[in-house]
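Visitor: Please put the structure up, and then I will ask about its parts one by one.

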Amino acid sequence: MLQKLTPYIRNQLSQPHIRSQYLLKGQPPQEDRGFTSDPLREDMFEVRKGLVHKYENRVLIKISYRCAAHCRFCTRLRQIGNPAGDLRLADIKNIENYLRQNPQVSEVILSGGDPLYTPGNTASVLERLKHITSLRVFRMGTRLPIHSPGSLSNLGVTRLLTLVDQIGHDRPFYILVHFEHPDELTRETRDAIKAIRESHVTVMSQTVFLKGINNSYKILFDLFQRLYDIGVIPYYLYRCDYVKGVEQFICDLEAERQIMTKLRNTLSGIACPTYVIDSPGGGVGKLPVPLKYWDVTNPTKCQDFKGTDVDI
Ligand SMILES: *Cc1c(COP(=O)(O)O)cnc(C)c1O
Ligand code: SF4
C-alpha cells in the first residue's frame, strides 16, 4: 500500500531513498515502543484552533492538515490528510484576535499540512496577519518543491508568492523547505527553489535523521553541501520524534552524534545545521545535542576538529 503520492513522486519511486519515505508495504512490522501519536503535546499547546503557542515570542499556525504527498515518517501522522484541519474564516479571525491581544508574539510560523498546497487559504491568513504590526518575522514551512515542483508555477502558488514577496520586502520572511536525501535534488526541485528565491525571502531547509534513508555521513554531507550550493541554508537536523507509527525510522543516538560531529568538522559553518531533539512528553525546547567535542561530565575539557584535547 502506498501513501498519498503526487505524479512527480510516483515517477521518482525507482529511487530507493525516495521510495522508502512513502512506501508501507515490504517494511518490517512496527515494533511497539509505547510511543504516543502526539509526543510533542502540540494539542495541549493549541490555544485556538490551528494556533500552537509553545514558545513565548513565536507561534505555529496549522493552515490545514493536508499535503501534496504523505510522508511515512510525518511527526503529525495523526492528523495528516484530515480535511477537518482546514481553517475557516471564523478560525482565522480567532487567530488574528489572539495575536492582536498577545503582542509579545513577534513571529508566526505557517505550517500544517503544507501551506503551499492550499495557497488560497494561506493567502487569506497572510492577508490578515500582515496588518498586525507586532508581527515582525514570518516563516512558512513547505515540502511542495520536493513533492510537486511543477506546482510552483500554478496560478494559486504564484499569487501567494507575490504576497510573500510583498511582505518580505518590509519584514524578514523565511521559507523552510524539507529535504531528506540528495536524490531529491533534481533539476525540477532545483528550479522550484530558484522560483522561490525570486521573492524577498531567505530559504532554509530542515531534515530529520531517518534510518535507512539518510543516517550516513556521506549522504548528509552531500545533501547539506548541495543545498548550500543552491542558496539554501540548512537550519535544523532533527532526531526523529518518538511518534507512534514511525518507530522504524528512528536511528541510534550515538551514531547520530558521531555523524553530526564529523559534519561539523567538514561543512562550511553556514552549511551546517543544528542537530536537535524536540523535547518529548510536553517538555518545551528543541534541545541541541552535545557533539563529541565535549566531555559532558566536565565542560572545561573539550576536543577540537582534529581530536586534540583543549582546555577551556
Ligand atoms: C519548532 C517550533 C517553533 C519554532 O522553533 P524555532 O526553534 O524557533 O525554530 C515554534 N513553535 C512550535 C510549536 C514549534 O514546534
Ligand atoms: S510534507 Fe511535512 S507535514 Fe506533510 S506529510 Fe510530509 S512531513 Fe508531514
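Visitor: Which residues is Leu99 in contact with, leaving aside its neighbours within four places in sequence?
Guide: This is a predicted model. Leu99 is among the residues that touch the most other members of the largest nonpolar core. Leaving aside neighbours within four places in sequence, its contacts are Val59, Val105, Val108, Leu129, Ile132, Ser134 and Leu135.

Visitor: Around the axis of H7, what arc do the buried residues cover?
Guide: In helix H7, residues 187-197, the buried residues are Thr189, Ala192, Ile193 and Ile196. An α-helix has 3.6 residues a turn, so residues three or four places apart point the same way.

Visitor: Which exposed residues are on the face of H7 turned away from its buried side?
Guide: The buried side packs against helix H1 (7-12), helix H5 (144-147), strand E6 (173-178) and strand E7 (202-208). The face turned away from that side carries the exposed residues Arg187 and Lys194.

Visitor: How much of the accessible area of ligand 1 does the protein cover?
Guide: The residues around ligand 1 are Val52, Lys54, Tyr55, Arg58, Leu60, Ile109, Arg139, Tyr235, Tyr236 and Lys286. Polar side-chain atoms lie 2.7 Å from an oxygen atom of the ligand for Arg58, 2.7 Å for Tyr236 and 3.1 Å for Lys286. On its own ligand 1 has 380 Å² of accessible area, and the protein covers 91%.

Visitor: Is Lys62 buried or exposed?
Guide: Lys62 sits in strand E3, residues 58-62. Its contacts beyond four places in sequence include Glu42, Glu46, Arg76 and Arg78. The cut-off for buried is under 20% relative accessible area. Lys62 has 1% relative accessibility, so it counts as buried.

Visitor: With which side chain does the side chain of Lys62 make a polar contact?
Guide: Gly50, Val52, Gln79 and Ser111 are also among the residues in contact with Lys62. The polar contact has a distance of 3.1 Å, and the partner is the side chain of Gln79.

Visitor: How far apart in space are Trp294 and Asp304, C-alpha to C-alpha?
Guide: Trp294 is in the loop between strand E10 (286-288) and strand E11 (301-303). At 39% relative accessibility it counts as partly exposed, and it touches Pro299, Lys301, Cys302 and Ile312, not counting residues up to four places away in sequence. Trp294 and Asp304 are 10 residues apart in sequence, and their C-alpha distance is 9.1 Å.

Visitor: What is omega at the cis peptide bond between Gly112 and Gly113?
Guide: Gly113 lies in the loop between strand E4 (107-111) and helix H4 (119-129). The cis bond joins Gly113 to Gly112, with omega about 10°.

Visitor: What is phi of Arg41?
Guide: Arg41 is in the loop between helix H2 (16-19) and strand E1 (46-48), and is partly exposed with a relative accessible area of 38%. Its phi is positive in a residue other than glycine, near 50°.

Terms used:
Residues are numbered from 1 along each chain as its sequence is written. Chains are lettered from A and ligands numbered from 1 in the order in which they are written. This is a predicted model: local features need pLDDT of at least 70, side-chain atom pairs count only at pLDDT 80 or more; totals for chains, interfaces and linings use all residues. Side-chain values use heavy atoms; hydrogens and water are left out. A nonpolar core is a set of buried Ala, Val, Leu, Ile, Met, Phe, Trp, Tyr and Cys residues joined through side-chain atoms within 4.5 Å. Buried means under 20% relative accessible area, exposed over 50%, partly exposed in between (1.4 Å probe, protein chains only). Contact means heavy atoms within 4.5 Å. Helices (H or I, at least four residues) and strands (E, at least two) are DSSP runs, numbered from the N terminus. A residue is near a molecule or strand if one of its heavy atoms lies within 4 Å of it. A polar contact is a pair of N or O atoms within 3.5 Å; within protein, one must be able to donate a hydrogen and the other to accept it, and residues adjacent in sequence count only if both atoms are side-chain atoms. Accessible areas come from the Shrake-Rupley method with a 1.4 Å probe; for residues, only the protein chains shown count as cover.
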